[in-house]
Amino acid sequence: MVQTRTIEVAVGLFVAAGLGALFVLAMKVSNLTAFTDDTGYQLVAKFENVGSLKVGAPVSIAGVRVGRVGNIGIDHTTHEAVVKLNINKEYTDIPADTAASVLTAGLLGEQYVALEPGGDIKALRAGDEIKLTQPALVLEKIIGQFLFSKAQEGPSKK
Amino acid sequence: MINRLQTLGRWGLIRFERLGRGSMFLMQVLAGLPALLLRPRLTLQQVYATGVLSLVIIIVSGLFVGMVLGLQGYNTLVDFGAEESLGVLVALSLVRELGPVIAALLFAGRAGSALTAEIGLMKATEQLSAMEMMAVDPLARVVAPRLLGGFIAMPLLAAMFSAVGVFGGYFVGVGLLGVDDGSFWSQMQAKVNLQEDIMNGVIKSVVFGFVVTWIAVFEGYDAVPTSEGISRATTRTVVNSSLAVLGLDFVMTALMFGGF
């Protein structure tokens, strides 16, 4: 027979572990809190449209991940999406005339922010804004434009 | 023809009688629950026996189920270039279905069978009758703490199973197969809903815990007090509670996610 005290301690640990597991499920698996790794600096980019970009999505240069999307909000005067990009601290030499665009990984994949570095000698510092941005492509709009341009061309002469 | 019909009728009557006896038994046990509050130690001991001692099998199976999900899910999703959705797949399948169901099946095999054998042996060695002689109600003293202990332990075990499974899937998906770390979690967090997915999973595990322990203690209490009777009762516990878990799972899934 195991001693009562041992049993009580074991049950206490068990209940704590069970509640801890529920807590992990609530916090980490569903989205009660957003977690961020705050080792690095933050850049800001304003997009006309971010599509279905999500907090935590990768930020990459030439396909290499250099940071994550930290926060997505809206600018109250221009009604553009304001995306805060958390860049890892080892990438401090991103040129000031870098362009940012929202792209999609694969056909059905998630959206991410791609940075295309320019040739400026000055580097972006914490809190700077990336001026050149390209919004996410919305498939319906592209199809609409395509149909519209086809219609304008008129019936094809064959 | 008439004889066949009679056999069927007798079979049905026996089933209904058992169901009725089980329900009456449950009512009597529930009536014994308030007295338990005076002796929390009895319940504590049962939480230890059913919960803490089942921890190893639950955690190890959870880890492996999560890892297999990660592996299989990745192989399917990678064809569509959607391997970032691996987190969603692993988390939803664990939290909604596999966590509660597999944990309940393991619980029935690991803890339910032990409960039946224990109570059945108490009956066979006339310990229960001896208690009645001493004016101690065996339902309140022996059965009620076991029912309550299993009822408390099962949801906690299921939650641990799911949490460990998610990390197993994370380990395989992110650690071995190279899915992006942030996408794994952010897609999961975007798609898994606290109320709809996690709460419904918890509700399932609570119901399973109740049903499995009820079947286990009833089969033990109702066992024919011989060694053969106890072995049959133990088998029936595992079979019946597994069937009950899977059947109830379908019903609850239809009610929760079926959109009726």
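These legends describe close-up views of a predicted model.

**View 1. Chain B meets chain A.** The contact draws 37 residues from chain B and 36 residues from chain A. Together the two chains bury about 3,000 Å². Carbon and sulfur atoms give 75% of that area. Three residues stand out on chain B: B:Tyr48, B:Leu156 and B:Gln189. They supply 20% of the area that chain B buries against chain A, more than any other three residues.

View 2. Chain B and chain A share 3 salt bridges. One of them pairs B:Asp180 with A:Arg68. Their closest N and O atoms are 3.4 Å apart. Across the interface, 2 residue pairs are in polar contact.

**View 3. Helices of chain B face chain A.** Five elements of chain B each supply at least two residues of the side that touches chain A: α2 (40-50), α4 (86-124), α6 (138-176), α7 (181-191) and α8 (194-221). The residues of that side divide into 23 nonpolar, 10 polar and 4 charged.

**View 4. Chain A holds an open sheet of 8 strands.** The strand order is β7-β1-β4-β3-β2-β6-β5-β8, with mixed pairing. At the edges stand β7 (129-130) and β8 (132-134) of chain A. Each has a single partner strand, so one side of each is left without a neighbour in the sheet.

**View 5. Strand β1 of chain A pairs with β7(A).** Strand β1 covers residues 40-47. The two strands run parallel, and 2 bridges join them. Within this pairing, A:Val44 stands opposite A:Glu129 in β7(A).

Methods:
Residues are numbered from 1 along each chain as its sequence is written. Chains are lettered from A and ligands numbered from 1 in the order in which they are written. This is a predicted model: local features need pLDDT of at least 70, side-chain atom pairs count only at pLDDT 80 or more; totals for chains, interfaces and linings use all residues. Side-chain values use heavy atoms; hydrogens and water are left out. Contact means heavy atoms within 4.5 Å. Buried area is the accessible area (1.4 Å probe) that two parts lose on being put together, summed over both. A salt bridge is a side-chain nitrogen of Lys or Arg within 4 Å of a carboxyl oxygen of Asp or Glu. A polar contact is a pair of N or O atoms within 3.5 Å; within protein, one must be able to donate a hydrogen and the other to accept it, and residues adjacent in sequence count only if both atoms are side-chain atoms. Helices (H or I, at least four residues) and strands (E, at least two) are DSSP runs, numbered from the N terminus. Ala, Val, Leu, Ile, Met, Phe, Trp, Tyr, Cys and Pro count as nonpolar, Asp, Glu, Lys and Arg as charged, and the others, Gly among them, as polar. Two strands pair if DSSP finds at least two bridges between them.
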